Amino acid sequence: MKNDGFALITGASRGLGMAFARTLAQRHCNLVLVARSPEPLHAFANELRRAHPVSVLAIQRDLSTGGAGQVLAEQLSSGGIPIDLLVNNAGFGLRGEFRANSLPRQLEMLRLNNQAVVELTYSLLPGMLERGQKGIINVSSTAGFQPIPFASAYSATKAFLTTFSLALEQELRAAGVSVVTLCPGRLHKKQNGNAVQPVKEKWASIYQSPEQVVDEALRVLANGGGLSVPGALNKFSVFAQRLIPRKIVPRLVAKLSRA
Ligand SMILES: NC(=O)c1ccc[n+]([C@@H]2O[C@H](COP(=O)([O-])OP(=O)(O)OC[C@H]3O[C@@H](n4cnc5c(N)ncnc54)[C@H](OP(=O)(O)O)[C@@H]3O)[C@@H](O)[C@H]2O)c1
């Protein structure tokens, strides 16, 4: 990344986005951090400014409102903030029966997980193409590789994102923009930014730390982009389900998903 360029990370105030921000600050990247809640966002931005010789901009924004991605890109452009790396990370997953989950909340998820990504990518690309090294990391999920009953709309948003991102990677290859499609499995959640939240023992081995996932994503980015499924178990499960007839997969997943 050029010294005057910034990495824009959506959903940067906790979880995976926070881990991206920490690692990139350690690597001396200037940052634009985006999230809705101002207090944790600004506290984290101050912490990074104190710890690293980088510029950190904190922007409070709800990306699930239509047009928010475009408005953010225009704000950055008029403020003279060039973006060299876009990390489309903000997202959430609703679980439960489709008909029991509220429609507005499901549509909010579609707008955040998909519409905001398309808007931001579309709006920032012209500026990125004018600069030297460029990259996009789209945070999808292993949930996008198969239909997941009881997380039906969520798995569909991640299927959209994975497909969009892998296709875009090929379109942008010749223009020198590296695109990483990052598909993590389950992640450890941190409490108060520190201790790892305990997980049920039978599932413990499938959980990864956000830091492991970020390191893997940045390694793939440095190698020119591509699909990243961090963790041997996740890689295996994504591969293994391709050997099962497609109409059987949702039935098997429904049993696990409902449990
Ligand atoms: N956690 C997992 O096990 C897992 C597994 C696979 C994939 N993923 C994907 O990884 C990404 C990050 O997940 P995570 O678990 O790290 O999330 P998280 O801990 O819930 O953090 C979400 C971040 O996004 C921000 N955010 C939420 N809604 C927003 C909105 N409407 N506009 C702007 N910012 C918003 C949150 O801050 P505010 O609430 O203040 O806005 C927060 O900074 C998501 O795309 C998720 O689907 C997660």
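**Exercise 1.** Decide whether Ser37 is buried, partly exposed or exposed, and say where it sits.

*Solution.* Keep in mind that this is a predicted model. Start with the number: Ser37 has a relative accessible area of 37%. Buried would need under 20% and exposed over 50%, so Ser37 counts as partly exposed. Next, the location: Ser37 is in the loop between strand 2 and helix 2 (38–51).

**Exercise 2.** Work out how the open sheet is put together, and which strands stand at its edges.

*Solution.* Write down the order: seven strands run 3-2-1-4-5-6-9, with parallel pairing. Now look at the two ends. Strand 3 (56–60) and strand 9 (226–228) each have a single partner strand, so one side of each has no neighbour in the sheet. On average, neighbouring strands are turned by 15° against each other, ignoring direction.

Then check two of the joins. Strand 4 and strand 5 run parallel and are joined by four bridges; Val87 has Ile137 of strand 5 as its bridge partner. Strand 6 (residues 177–182) and strand 9 also run parallel, joined by three bridges, and Leu182 is partnered with Ser228 in strand 9.

**Exercise 3.** Find out which helices lie against this sheet, and at what angle to strand 6.

*Solution.* Take helix 6 (residues 210–222) to begin with: it packs on the sheet and touches strand 4, strand 5, strand 6 and strand 9. Its direction makes about 150° with that of strand 6. Helix 5 lies across strand 5 (134–139), strand 6 and strand 9, and runs at about 160° to strand 6.

**Exercise 4.** Describe how well strand 5 is covered, one face at a time.

Now step across to strand 4 (residues 83–88), where you'll find Asn88. Its relative accessible area is 2%, so Asn88 is buried. Leaving out residues up to four places away in sequence, Asn88 touches Ile136, Ile137, Asn138 and Val139, and also Thr10, Val117, Leu120 and Thr121.

**Exercise 5.** Identify the aromatic pair and decide how its rings are arranged.

*Solution.* There is one aromatic pair in the structure. The ring centres of Phe160 and Phe164 are 6.1 Å apart and their planes meet at 15°, so this pair is stacked. Both residues belong to helix 5 (residues 152–173) and are four residues apart, about one turn of the helix. As for solvent, Phe160 is partly exposed at 39% relative accessible area.

Another ring is worth a look: Arg105 lies over the face of Phe92, 4.1 Å from the ring centre.

**Exercise 6.** Compare the span of helix 1 with the expected value, then see what follows the helix.

*Solution.* Helix 1 (residues 15–26) has 12 residues and reaches 17 Å from first to last C-alpha, close to the expected 16 Å. Count the burial next: nine of the 12 residues are buried, including Leu16, Met18, Phe20 and Leu24.

After the helix comes His28, with a positive phi near 65°, and His28 is not a glycine. His28 sits in the loop between helix 1 and strand 2 (30–35). With a relative accessible area of 53%, His28 is exposed.

For a further positive phi, go to Phe150: about 75°, again in a residue that is not a glycine. Phe150 lies in the loop between strand 5 and helix 5.

Note on methods. Residues are numbered from 1 along each chain as its sequence is written. This is a predicted model: local features need pLDDT of at least 70, side-chain atom pairs count only at pLDDT 80 or more; totals for chains, interfaces and linings use all residues. Side-chain values use heavy atoms; hydrogens and water are left out. Helices (H or I, at least four residues) and strands (E, at least two) are DSSP runs, numbered from the N terminus. Buried means under 20% relative accessible area, exposed over 50%, partly exposed in between (1.4 Å probe, protein chains only). Contact means heavy atoms within 4.5 Å. Rings of Phe, Tyr and Trp (its six-membered ring) pair if their centres lie within 6.5 Å; planes under 30 degrees apart count as stacked, over 60 as edge-to-face and the rest as tilted. A charge sits over a ring if NZ of Lys or CZ of Arg is within 6 Å of the ring centre and within 35 degrees of the ring normal. The expected span of a helix is 1.5 Å times one less than its number of residues. Two strands pair if DSSP finds at least two bridges between them. Axes are lines fitted to C-alpha atoms, for helices over the stretch in contact, and angles run from 0 to 180 degrees between N-to-C directions.
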